[in-house]
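Here is a brief report on selected side chains.

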Amino acid sequence: MDLRVRWAAAALGLALALTGCGGEPEPTAGQSASPSADAPAPEGIKVGREPNQPFSVTANDLGIHSYTTQPQVPTESIRLTCYPNWAVANPAPGEFQWADFDGALAQAESWGYTDILYSFCATPKWAGTPAADNDQAAFGPGTAQPPKNMKVWEEWVSAVAARYKGRITGYEIWNEPSSPQFYAGSPQQMVKMTKVAYEAIKEADPEAYVLSASTQTHNPDFYESFFPDYVTGLQRQGWPVDGIAAHFY
């Protein structure tokens with residue numbers, strides 16, 4: 001099974017359904033309104049299963065996120081979630097501190113993983129827009145802010161993708177931006193971040209796959225206030241992602 005399928009096949013099938021929450025957009029040129037078993041799949045991506053058909057799940061279908069402890073369940077993929085984050089590894093303009101990043105990646109590889117997904121998050125204070133007084137950022141004041149200049153975001157993403165080309169196999173644009181502890185910007189700003197990051201990653205490492213910023217569904221207010229508009233924005237930009245990431249808590 002293609003590594004992109006493990007993380008994103010089901011999510012790709014959700015993309016059009018999710019946009020329906022914010023209105024029913026018209027399919028783009030050459031795109032059907034829903035996946036079909038008879039339609040050819042995009043290269044490297046599997047068309048979603050029919051919901052009424054039985055299927056089995058094996059360890060090869062699963063990924064897990066951990067960067068401190070070796071997982072004790074068999075999975076084929078691992079997700080490095082917000083560690084090392086942008087604020088840690090890029091503490092000042094043009095300054096990159098790679099030791100933690102190198103160590104986390106080497107550890108995942110020592111556990112036998114070759115399919116490694118990295119999730120971006122935590123804007124450095126120097127790179128972000130000013131934080132509100134009620135800042136709820138999980139990684140310190142200002143770390144949930146969108147970048148004030150997309151150029152510094154592009155430089156960070158490019159630096160990561162170039163340094164770890166062939167080792168990090170996929171990227172999630174941002175961890176759970178629908179939650180104020182991780183992101184305080186708008187869906188439209190995240191659409192811009194996604195497009196910029198997608199282009200930067202593909203230029204540095206064309207073989208890497210790119211997932212959208214991830215939503216979570218356990219809090220309906222978080223979901224409804226962010227994700228439908230975000231996914232609709234991605235469609236309007238021509239889907240600058242290889243799959244849609246979602247956390248179904």
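## Surface patch

F55, V57 and L62 form a nonpolar surface patch of about 290 Å². Patch residues have over 30% relative accessible area and no salt bridge, with nonpolar side chains joined within 5 Å. Areas come from the Shrake-Rupley method with a 1.4 Å probe. V57 sits in the loop between α1 (3–19) and β1 (63–65). Helices (H or I, at least four residues) and strands (E, at least two) are DSSP runs.

This is a predicted model: local features need pLDDT of at least 70, side-chain atom pairs need 80 or more, and totals for chains, interfaces and linings use all residues. Residues are numbered from 1 along each chain, and side-chain values use heavy atoms, without hydrogens or water.

## A buried charge

D205 lies in the loop between α5 (187–204) and β5 (209–211). D205 is buried (under 20% relative accessible area). D205 has no salt bridge (a Lys or Arg side-chain nitrogen within 4 Å of an Asp or Glu carboxyl oxygen). The nearest side chain of opposite charge is K165, 5.4 Å away.

Leaving out residues up to four places away in sequence, D205 touches A161, K165, G166 and I168 (heavy atoms within 4.5 Å).

## Aromatic pairs

The whole structure holds 20 aromatic pairs (ring centres within 6.5 Å; planes under 30 degrees apart are stacked, over 60 edge-to-face, the rest tilted). F120 and W153 are edge-to-face, because their centres are 5.4 Å apart and their planes at 75°. This pair links distant parts of the chain, 33 residues apart. F120 is in the loop between β3 (115–119) and α4 (150–163), W153 in helix α4. Both are buried.

F227 and Y230 are tilted, because their planes meet at 50°, with centres 5.6 Å apart. Both are buried.

Terms used: Patches are made of residues with over 30% relative accessible area and no salt bridge: like charges are joined within 9 Å, nonpolar side chains (Val, Leu, Ile, Met, Phe, Trp, Tyr) within 5 Å. Buried means under 20% relative accessible area, exposed over 50%, partly exposed in between (1.4 Å probe, protein chains only). Lys and Arg count as positive and Asp and Glu as negative; His and the chain ends are not counted. Rings of Phe, Tyr and Trp (its six-membered ring) pair if their centres lie within 6.5 Å; planes under 30 degrees apart count as stacked, over 60 as edge-to-face and the rest as tilted.
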